[in-house]
Amino acid sequence: MQQSLAASIKRLKTFLNYSKNYLRRNNPIKILQKEIVAGLKDALSINKKRKMVKYKLKYQMHQLNQMEKLIAQNNEHVFLRGNKFNEMR
């Protein structure tokens, strides 16, 4: 009986040491703190990100409009705009 009790206590100590070392390496409080800080940074910088996306979208729309203008200028079937280009050739 005493041996089984000693073995159980030894196993319990070993388990507690493993648990303590695991929690020391992977501290859930520190992980939670890092996640909260990262979430706050994302929330506070969302306006800046929104502005960047808006700027990129406007730039792409500008590029698209320029391409459409060039195509329309050189296309003879759209209001005969391409006549000048064809005459120059």
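This note sets out some points on the fold and surface of the structure above.

1. The structure is a predicted model, in which local features need pLDDT of at least 70 and side-chain atom pairs count only at pLDDT 80 or more, while totals for chains, interfaces and linings use all residues. Residues are numbered from 1 along each chain as its sequence is written, and side-chain values use heavy atoms, with hydrogens and water left out.

2. The protein contains 4 helices and 0 strands; helices (H or I, at least four residues) and strands (E, at least two) are DSSP runs numbered from the N terminus. Along the sequence, the pattern reads α-α-α-α.

3. Of the 89 residues, 2% count as buried. Buried means under 20% relative accessible area, exposed over 50%, and partly exposed in between (1.4 Å probe, protein chains only). The protein exposes about 9,100 Å², of which carbon and sulfur atoms supply 63%; the areas come from the Shrake-Rupley method with a 1.4 Å probe, and for residues only the protein chains shown count as cover.

4. Leu 32, Ile 36, Leu 40 and Leu 44 form a nonpolar surface patch, with about 450 Å² of accessible area together. Leu 32 lies in helix H2 (residues 28-44) and is exposed, because its relative accessible area is 54%.

5. A patch of positive charge on the surface gathers Arg 50, Lys 51, Lys 54 and Lys 58. Lys and Arg count as positive and Asp and Glu as negative, whereas His and the chain ends are not counted; the place of a charge is NZ of Lys, CZ of Arg, CG of Asp or CD of Glu. Lys 58 belongs to helix H3 (residues 46-73) and counts as exposed because its relative accessibility is 57%.

How values were computed:
Patches are made of residues with over 30% relative accessible area and no salt bridge: like charges are joined within 9 Å, nonpolar side chains (Val, Leu, Ile, Met, Phe, Trp, Tyr) within 5 Å. A salt bridge is a side-chain nitrogen of Lys or Arg within 4 Å of a carboxyl oxygen of Asp or Glu.
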